[in-house]
Amino acid sequence: YGEHCGGSFGFLDSLRSVLNKTFPDRAIVFWDGVLAGKARHDIYPSYKGNRDKSWVDDSYRMTQEEIDREYEKNKYSKLQQKIKVKNYLEELFVRQTEVDQIEADDLIAHYCHTKPESEEIIIYSADKDYYQLISDKISLLRPSDNLIINVDNFKTIYGYNHNNGAILKCFEGDKSDNVTGIEGVGLKSLLKYFP
């Protein structure tokens, strides 16, 4: 009673929807680890400079008793919901992976690159960084419209080959990570001169 639950409900509802659409053998949720992104930020201070950085203080190490204190509830409701979701996932036998200092997207990329050759993977995310992982066995399920993006339809949808995603990022940059690209060089220009 009186606790925020929108994040928990939204997360679990999205997970339910994706599982009902894809019917996987198993589901794995990857979490950002403690201090995730700090190493990149130390090298390139502008990295994700437009986002809150959890490593700035030790609030992520709080105990449940500390979170329960009234003055902490509002400030840490997001953390509270994350703890509950992790517990719910354990009860639902959903696998979870979290490694200190490692971002979830790096864990997902590592998993994709080291998976058994026969394993098929569907990544559920709106993050365009995952486009570079697409292969014959790795697809992306886009949350906005539940479209499965794969090797067969990628070029039709986006206009370029999925293998060129990382190179495109080098030119365009990445606004969500606060990484600038080359001014005046974007997808349209690149496709015009290098179709």
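Buried means a relative accessible area under 20%, exposed means over 50%, and partly exposed lies in between (1.4 Å probe, protein chains only). By that cut-off D129 is buried, at 15% relative accessible area.

The model is predicted: local features need pLDDT of at least 70, side-chain atom pairs count only at pLDDT 80 or more, and totals for chains, interfaces and linings use all residues. Residues are numbered from 1 along each chain as its sequence is written, and side-chain values use heavy atoms, with hydrogens and water left out.

The structure holds six salt bridges, a salt bridge being a side-chain nitrogen of Lys or Arg within 4 Å of a carboxyl oxygen of Asp or Glu.

| Salt bridge | Closest N to O |
|---|---|
| R26 with E119 | 2.8 Å |
| R142 with D145 | 2.6 Å |

R26 forms a salt bridge with E119. R26 sits in the loop between α1 (6–22) and β1 (28–31) and E119 in the loop between α6 (104–114) and β3 (121–124), so the pair ties together parts 93 residues apart in sequence. Helices (H or I, at least four residues) and strands (E, at least two) are DSSP runs, numbered from the N terminus. R26 is partly exposed at 36%, whereas E119 is buried at 14%.

K169 is partly exposed, at 26% relative accessibility.

In the pair of R142 and D145, R142 is buried at 18% and D145 is partly exposed at 42%.
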